[in-house]
Amino acid sequence: MFFELRQYTLWPGKQADFVKLMEEVIIPFQTSVGMDIRGSWVAEEDETQFIWIRAFQSEEERERLYAAVYDSDKWQNEVAPLLPDMMDREHMTITRMLPTPRSAMQ
């Protein structure tokens with residue numbers, strides 16, 4: 001198992017809109033196709049930061065789920081067009097993480 005720590009830089013003033021999109025559209029859609037989303041956060045003192053974590057059992061599962069989400073008509077036609085107005089994709093950071101043996105998140 002491994003995790004993705006996804007850190008996004010939002011445009012100033014867009015945090016509320018982005019959180020609404022994530023919680024009402026993106027997270028429900030991704031979980032409906034099997035994505036394991038462990039949580040999402042905003043930075044307490046920086047309105048431009050959004051962080052979330054997804055978990056994968058294997059690289060094969062990650063590839064399958066990426067295709068189910070990002071190759072879908074819903075993503076390409078409904079979700080992706082909304083993102084450039086809310087986030088700076090040039091400053092998106094995705095870190096793959098492995099849990100340590102005693103990590104509470106396995």
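**Figure 1. Glu61, a buried residue of helix 2 in a predicted model**. Glu61 counts as buried because its relative accessibility is 19%, where buried means under 20% relative accessible area with a 1.4 Å probe and protein chains only. Its place is in helix 2, residues 59-70; helices here are DSSP runs of H or I with at least four residues, strands are runs of E with at least two, and both are numbered from the N terminus. Not counting residues up to four places away in sequence, Glu61 touches Ala55 and Phe56, contact being heavy atoms within 4.5 Å. A polar atom of the Glu61 side chain lies 2.6 Å from the backbone nitrogen of Gln57.

This is a predicted model, in which local features need pLDDT of at least 70 and side-chain atom pairs count only at pLDDT 80 or more, while totals for chains, interfaces and linings use all residues. Residues are numbered from 1 along each chain as its sequence is written, and side-chain values use heavy atoms, with hydrogens and water left out.

**Figure 2. Gln15 and its surroundings**. Here we look at Gln15, which lies in helix 1. Its side chain reaches the backbone oxygen of Glu47 at 3.4 Å. Leaving aside neighbours within four places in sequence, Gln15 is in contact with Leu10, Val42, Ala43, Asp46, Glu47 and Gln49.

**Figure 3. The largest nonpolar core, with 23 residues**. A nonpolar core is a set of buried Ala, Val, Leu, Ile, Met, Phe, Trp, Tyr and Cys residues joined through side-chain atoms within 4.5 Å. In the largest one, Phe18, Ile26, Phe50, Trp52 and Trp75 have the most contacts inside the core. Strand 1, helix 1, strand 3 (46-56), helix 2 and helix 3 (73-79) each give two or more residues to this core, and the largest share, seven residues, comes from helix 1. Apart from this core lies another, of five residues, among them Phe3, Leu5, Ile51 and Ile53.

**Figure 4. Trp75 and its contacts**. Beyond its neighbours within four places in sequence, Trp75 is in contact with Ile26, Phe29, Gln30, Val69, Tyr70, Ala80, Pro81 and Leu83.

**Figure 5. The largest pocket, with about 160 Å³ of space**. A pocket is an open set of points on a 1 Å grid over the protein atoms alone, where a 1.4 Å probe fits, with protein on both sides within 12 Å along at least five of seven lines; lining residues have an atom within 4 Å of a point. Of the 15 lining residues, Tyr8, Tyr70, Trp75, Leu83 and Arg89 lie nearest the centre. Helix 1 (15-32) and strand 1 (2-9) each supply at least two residues of the lining.

Note on methods:
Points joined across faces, edges and corners; volume = space filled by probe spheres on them. Buried < 20%, exposed > 50% of the residue type's maximum accessible area, 1.4 Å probe, protein only. Polar contact = N/O pair within 3.5 Å; in protein donor to acceptor, adjacent residues only side chain to side chain.
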